[in-house]
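Morning, everyone. Please look at the sequence and the structure on the screen while I walk you through a few places.

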Amino acid sequence: MSPRAGHPGHPARTLAFVESPVQLLNVLEWAHLHGLQGAQRDALPSVPAQKRRTPAGATPPAGAELTLVVLSPTDPMTRGQLRRMADLARDEGYRVRWEEARGGTTAPFHTIGGLAGPLRRADRVVMGDPFSRYVQLLLTITRARDLVVVDDGTATMEFVAQLARGERLVRWHRKGGRPGPRDLLFAPVSSSARRRLTPSEGRRVEVFSSMPVTETPDGVTVTANDFAWTRARFGPPRITTSADMVGTSLVETGVVDGDRYLAAVQNLAKAHGATRYFAHRRESTDKLHRLATETGLEIVRPDLPLELIARRGPIGRTVLSFPSTVVHTLPLALAGTGVRVAVCDIDPTWLTESASPRAQGFLSGVTGTARDVHRLAAVQLV
């Protein structure tokens with residue numbers, strides 16, 4: 001692994017904390033847009049300087065260094081994708097610090113203790129998941145005057161809205177439920193994180209997102225992510241004549257009933273001639289086995305975020321999805337290729353009894369605000 005951030009001779013000006021492959025991808029997109037240089041970047045193929053764009057009102061951090069800190073999860077699928085993304089980050093010249101942040105009961109203490117010094121020295125902190133308790137705890141340590149939140153999918157929409165309304169930070173699929181004992185115990189840290197993520201005279205906050213932001217908190221700079229780095233580095237893809245499907249973890253998060261989801265996938269695949277199913281990294285093995293057996297779809301376990309997989313190709317001429325992040329990101333990553341992204345609504349009868357009261361409205365909003373997608377009616381199940 002690369003030297004630890006803050007090691008003599010390797011000062012960490014910008015620290016980025018990521019816990020998922022998509023977060024790491026979006027840090028690379030943010031760094032590309034802002035023109036951050038990697039330690040070895042001059043020796044690598046790069047996008048010409050004149051093609052890089054700096055947002056209006058932003059100062060290019062010339063010579064600034066970026067260290068990516070991976071707070072590694074435990075599930076193998078996510079770890080595998082993160083390792084591949086970490087390799088891409090190193091290829092760009094950035095340093096990567098891999099932390100086994102969940103590798104046992106003492107791991108959090110070792111991780112936080114080891115990051116305390118670099119956090120205090122950092123001028124800028126970039127994070128992919130402001131709802132993460134790990135990230136919220138790290139925010140109580142940093143003295144950075146610049147804080148950046150990059151996309152963590154649809155959760156970014158909810159984060160910005162909650163920050164604008166001054167609400168406590170709660171993931172959308174949990175909102176409406178009663179706080180548990182751990183939530184109450186962690187409440188002071190979460191409140192502190194929300195205050196630190198609120199702009200002030202001495203603190204600047206940026207949200208870098210490809211998602212629609214309808215409620216912008218006062219003082220927060222919102223910068224659009226158009227996947228310029230992805231399009232510059234990969235593709236264009238070879239387009240096949242069939243359709244592909246994109247999986248979702250709505251069953252695993254307790255929002256959608258498993259049997260109804262399987263029936264919807266089967267009907268949708270048959271109606272549109274889909275042959276492949278790109279699994280979400282959180283989908284369970286048992287569920288995917290059922291899908292393969294009962295639908296005949298080829299299950300693909302991507303080793304990189306779908307935006308990169310699709311851009312490298314081959315990819316179907318039509319990509320079918322349920323409401324999720326990809327209905328916003330794929331049209332950007334695949335711009336100019338002719339691929340059509342189609343999204344199927346979630347019927348209210350598919351929701352579980354334990355689903356958040358806000359689930360249907362939130363999912364409808366994800367679909368309704370997507371640009372450059374073809375909207376499909378909810379599949380009728382019999």
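Start with Phe-227: this residue is buried, with a relative accessible area of 1%. Buried means under 20% relative accessible area, exposed means over 50%, and partly exposed lies in between, with a 1.4 Å probe and protein chains only. Phe-227 sits in the loop between strand S7 (221-224) and helix H7 (228-233). Its phi is near 60°, a positive value in a residue other than glycine.

A word on the source. This is a predicted model, where local features need pLDDT of at least 70 and side-chain atom pairs count only at pLDDT 80 or more, while totals for chains, interfaces and linings use all residues. Residues are numbered from 1 along each chain as its sequence is written, and side-chain values use heavy atoms, with hydrogens and water left out. As for names, helices (H or I, at least four residues) and strands (E, at least two) are DSSP runs, numbered from the N terminus.

Next, two cis peptide bonds. One joins Gly-235 and Pro-236, with omega about 5°. Pro-236 lies in the loop between H7 and strand S8 (239-246). Another joins Gly-313 and Pro-314, with omega about -5°. Pro-314 lies in the loop between helix H10 (306-312) and strand S11 (315-321).

Now the open sheet. What is its strand order? Six strands run S10-S9-S8-S11-S12-S13, with parallel pairing. Two strands pair if DSSP finds at least two bridges between them. Strand S10 (298-300) and S13 are at the edges with a single partner strand each, so one side of each has no neighbour in the sheet. On average, neighbouring strands are turned by 30° against each other, direction ignored. Five bridges hold the parallel pair S8 and S11. There, Asp-244 has Val-319 in S11 as its bridge partner. Helix H11 packs on this sheet and touches S8, S11 and S12. Contact means heavy atoms within 4.5 Å. The direction of H11 makes about 175° with that of S12. Axes are lines fitted to C-alpha atoms, for helices over the stretch in contact, and angles run from 0 to 180 degrees between N-to-C directions.

Keep Asp-244 in view. Arg-276 forms a salt bridge with Asp-244, the closest N and O atoms being 2.8 Å apart. This pair links distant parts of the chain: Arg-276 in strand S9 (residues 274-278) and Asp-244 in S8, 32 residues apart. Are they buried or exposed? Both Arg-276 and Asp-244 are buried. A salt bridge here is a side-chain nitrogen of Lys or Arg within 4 Å of a carboxyl oxygen of Asp or Glu. By this rule, the count comes to 17.

Another salt bridge joins Asp-87 and Arg-90, at 3.2 Å, N to O. They are three residues apart in helix H2 (residues 76-91), about one helical turn. Asp-87 is partly exposed at 39% relative accessible area, and Arg-90 is partly exposed at 24%. Glu-99 and Arg-97 also meet in a salt bridge, at 2.5 Å, N to O. Both of these are buried.

Last stop: strand S5 (residues 146-150). Five of its five residues are buried. Asp-146, Val-148 and Val-150 point one way, Leu-147 and Val-149 the other.
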